[in-house]
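User: I'm new to this structure and would like to learn how to read it. Could you take me through it feature by feature?

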Amino acid sequence: KNEHSLFSSGLKVNPFNAKLDNNMGKVLEAQQFHEEALNYYNQAIRMQPNDVRGFLNAGRILTCLRRYQEAEEIYLKAKAMLPLNEKPTDMETHVTPSHLQVYLGLASLLSKNNSRLEEADAVKYCFFS
């Protein structure tokens with residue numbers, strides 16, 4: 001009938017599917033059920049702790065809920081997962097939209113505090129330079 005019933009049915013059949021949890025979280029987020037969405041995102045993180053998408057979703061919701069310290073911690077965990085080289089080389093680095101979202105989400109969160117504007121700018125510069 002709708003996305004909510006689709007993902008809910010999927011989770012009944014396969015309750016250990018992080019992608020379904022992320023999708024259900026997005027449906028609930030779109031309906032402004034932020035706490036419920038966060039529960040699904042956290043479940044996705046527990047099931048698949050190496051998938052940056054769950055962290056991005058949780059960071060976005062925590063920011064929306066004005067739980068800024070928790071959001072920053074989540075974004076920093078996501079940033080630590082990114083396979084970026086410390087030293088530039090001639091090799092190409094594969095960058096996904098999720099990589100960009102981690103930096104943009106963290107920089108956006110930091111920029112909400114006027115005393116951290118330079119830090120926010122440095123986060124963006126770190127990735128986009």
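Analyst: We'll go through the record, the salt bridges, the core and a pocket in turn. This is a predicted model, where local features need pLDDT of at least 70, side-chain atom pairs count only at pLDDT 80 or more, and totals for chains, interfaces and linings use all residues. Residues are numbered from 1 along each chain as its sequence is written, and side-chain values use heavy atoms, with hydrogens and water left out.

User: Which residues does UniProt list for "repeat: TPR"?

Analyst: UniProt positions come in the numbering used here, with shortened feature names, and annotations may be inferred rather than shown by experiment. In this case, the unreviewed entry lists residues 18-51. Helices (H or I, at least four residues) and strands (E, at least two) are DSSP runs, numbered from the N terminus. Residues 18-51 come out as 79% helix and 0% strand, with the end C-alpha atoms 9 Å apart.

User: How many salt bridges are there?

Analyst: A salt bridge means a side-chain nitrogen of Lys or Arg within 4 Å of a carboxyl oxygen of Asp or Glu. By that rule there are four salt bridges. Take E29 and R60, whose side chains meet at 2.7 Å, N to O. E29 sits in helix α2 (residues 18-30) and R60 in helix α4 (residues 52-64), so this pair ties together parts that are 31 residues apart in sequence.

User: Is E29 buried or exposed?

Analyst: Here's the scale: buried is under 20% relative accessible area, exposed is over 50%, and partly exposed is in between (1.4 Å probe, protein chains only). E29 is buried at 16%, while R60 is partly exposed at 33%. The salt bridge between R53 and D51 (2.9 Å, N to O) can be read the same way. R53 is partly exposed at 45%, and D51 is buried at 13%.

User: What about R67 and E70?

Analyst: They form a salt bridge too, with the closest N and O atoms 2.8 Å apart. R67 has 27% relative accessibility, which is partly exposed, and E70 is partly exposed at 34%. Through shared partners, salt bridges join E35, R67 and E70 into one network.

User: Which residues have the most contacts inside the largest nonpolar core?

Analyst: In soluble globular proteins, nonpolar side chains tend to be buried together. A nonpolar core is a set of buried Ala, Val, Leu, Ile, Met, Phe, Trp, Tyr and Cys residues joined through side-chain atoms within 4.5 Å. The largest one here has 26 residues, and V52, A58 and V102 have the most contacts inside it. At least two core residues come from each of α1 (3-13), α2, α3 (34-47), α4, α5 (68-81) and α6. Helix α4 gives the largest share, six residues. Contact means heavy atoms within 4.5 Å. Setting aside neighbours within four places in sequence, V52 touches A78, M81, L82, S98 and V102.

User: What lines the second largest pocket?

Analyst: On a 1 Å grid over the protein atoms alone, a pocket is an open set of points with protein on both sides within 12 Å along at least five of seven lines, where a 1.4 Å probe fits; lining residues have an atom within 4 Å of a point. This pocket's lining includes K19, N22, D51, R53 and R60. Helices α2 and α4 are the elements that give two or more residues to the lining, with the largest share, five residues, coming from α2.
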